[in-house]
Amino acid sequence: MAEQNMASYRMPQSLIIKESYPLPPYSTVIGMVHAACGFTEYMPMQVSIQGDFASSVQEMYTRYEFNKNMSYEAGRQNILMQSGDQNYGMTRGLGSVELLTDVQLILHIIPEDNTLCETIAHGLKYPKNYLNLGRWEDLLRIDDVCITDLQEEQVQNNSIVLACSAWIPADIEENLKRTVRLKYPSIGTSYRLHKTYEISNLGLRSWKETIPARYAGCGTVIGKGGRLLTDRTPVVQKNMPYADREVIPVFPA
């Protein structure tokens, strides 16, 4: 369980206006976990990301544009930079960033190596540095950390209604379509979310794994008859989603 006062999870394709994903993508959460635990190499893991926010606002920021091959031209650039005998030009202007307010998150971290569960729990409780999700200044407050037992179970009697929004990976959605009676034929808006990357010999980052997923909003109905991965740990924070529910559905990717 975690909260943020304000946060922006930038969509890579947004430029002039930095739009935000409605929930942090997988790569952002995985990076936060690695930073909290002090991992120096990638630890394979799955994550389930759920949560909601109160509203979104727009904020202005100072935007700089420059290129090492761009010579200074008066009237075109408004900042002159000098390096040796060469003059370079930089343009300074305003940009807009979308911020989500009062973000509440339910995160399930499932490491491939189960022996890391204690290490991850300790890292989230006592992180190596302050935790953030999104930008450096988007501080993350951890309200509760616990090690839980997840189980795959049949939805027997009542339908499960999502108490908050969630990323549902495409493979889980397809399975739900086959085995579960959904209120709608498709769940939410489709996204392709980054998860892991690799560093080339030139030191450049390239995305290695991308997860197709849908954003399912709060109130999405999952009917009885299917099998889901669930968490039955009671939610102690009364202001958090699923505080009055027995079952928390988990959608790992």
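## Strand pairing and packing

Strand S8 is joined to strand S14 (residues 227–231) by five bridges, and the two run antiparallel. Two strands count as paired if DSSP finds at least two bridges between them. The model is a predicted one, in which local features need pLDDT of at least 70, side-chain atom pairs count only at pLDDT 80 or more, and totals for chains, interfaces and linings use all residues. Residues are numbered from 1 along each chain as its sequence is written, and side-chain values use heavy atoms, with hydrogens and water left out.

Three strands make up an open, antiparallel sheet in the order S8-S14-S15. Its edge strands are S8 (150–154) and S15 (248–250), each of which pairs on one side only. With direction ignored, neighbouring strands of this sheet are turned by 50 degrees against each other on average; the axes are lines fitted to C-alpha atoms, and angles run from 0 to 180 degrees between N-to-C directions.

The protein chain as a whole has three helices and 15 strands. These are DSSP runs numbered from the N terminus, helices (H or I) having at least four residues and strands (E) at least two. Of its 253 residues, 41% count as buried, where buried means under 20% relative accessible area, exposed over 50% and partly exposed in between, with a 1.4 Å probe and protein chains only.

Which aromatic residues come together? A search of the whole structure finds four aromatic pairs. Rings of Phe, Tyr and Trp (its six-membered ring) pair if their centres lie within 6.5 Å; planes under 30 degrees apart count as stacked, over 60 as edge-to-face and the rest as tilted. Two of the pairs, among them, are tabulated here.

| Pair | Distance between centres | Angle between planes | Class |
|---|---|---|---|
| Tyr-21 and Tyr-191 | 5.7 Å | 70 degrees | edge-to-face |
| Trp-167 and Tyr-215 | 5.7 Å | 65 degrees | edge-to-face |

Tyr-21 lies in the loop between strand S2 (17–18) and helix H1 (26–37), and Tyr-191 in strand S11 (residues 189–199), so their pair ties together parts that are 170 residues apart in sequence. Tyr-21 is buried at a relative accessible area of 5%, and Tyr-191 is buried at 18%. Trp-167 in strand S10 (residues 165–169) and Tyr-215 in strand S12 (residues 205–216) are 48 residues apart. Trp-167 is buried, with a relative accessible area of 0%, and Tyr-215 is buried at 17%. Tyr-21, Trp-167, Tyr-191 and Tyr-215 form one aromatic cluster.

Trp-167 is also among the residues with the most contacts inside the largest nonpolar core, together with Tyr-26 and Met-32; this core has 36 residues. A nonpolar core is a set of buried Ala, Val, Leu, Ile, Met, Phe, Trp, Tyr and Cys residues joined through side-chain atoms within 4.5 Å. H1 gives the most to this core, with seven residues. Beyond its neighbours within four places in sequence, Tyr-26 is in contact (heavy atoms within 4.5 Å) with residues including Val-47, Ile-49, Trp-167 and Leu-193. A second, separate core of 18 residues includes Cys-164, Ala-216, Val-235 and Ile-248.

In helix H2, the buried residues are Ile-120, Ala-121, Gly-123 and Leu-124. They cover an arc of only 160 degrees around the axis, which puts them on the same side of H2; the arc is that of the directions from the helix axis to the C-beta atoms. Their cover includes H1, S3, S6 and strand S7 (141–142).
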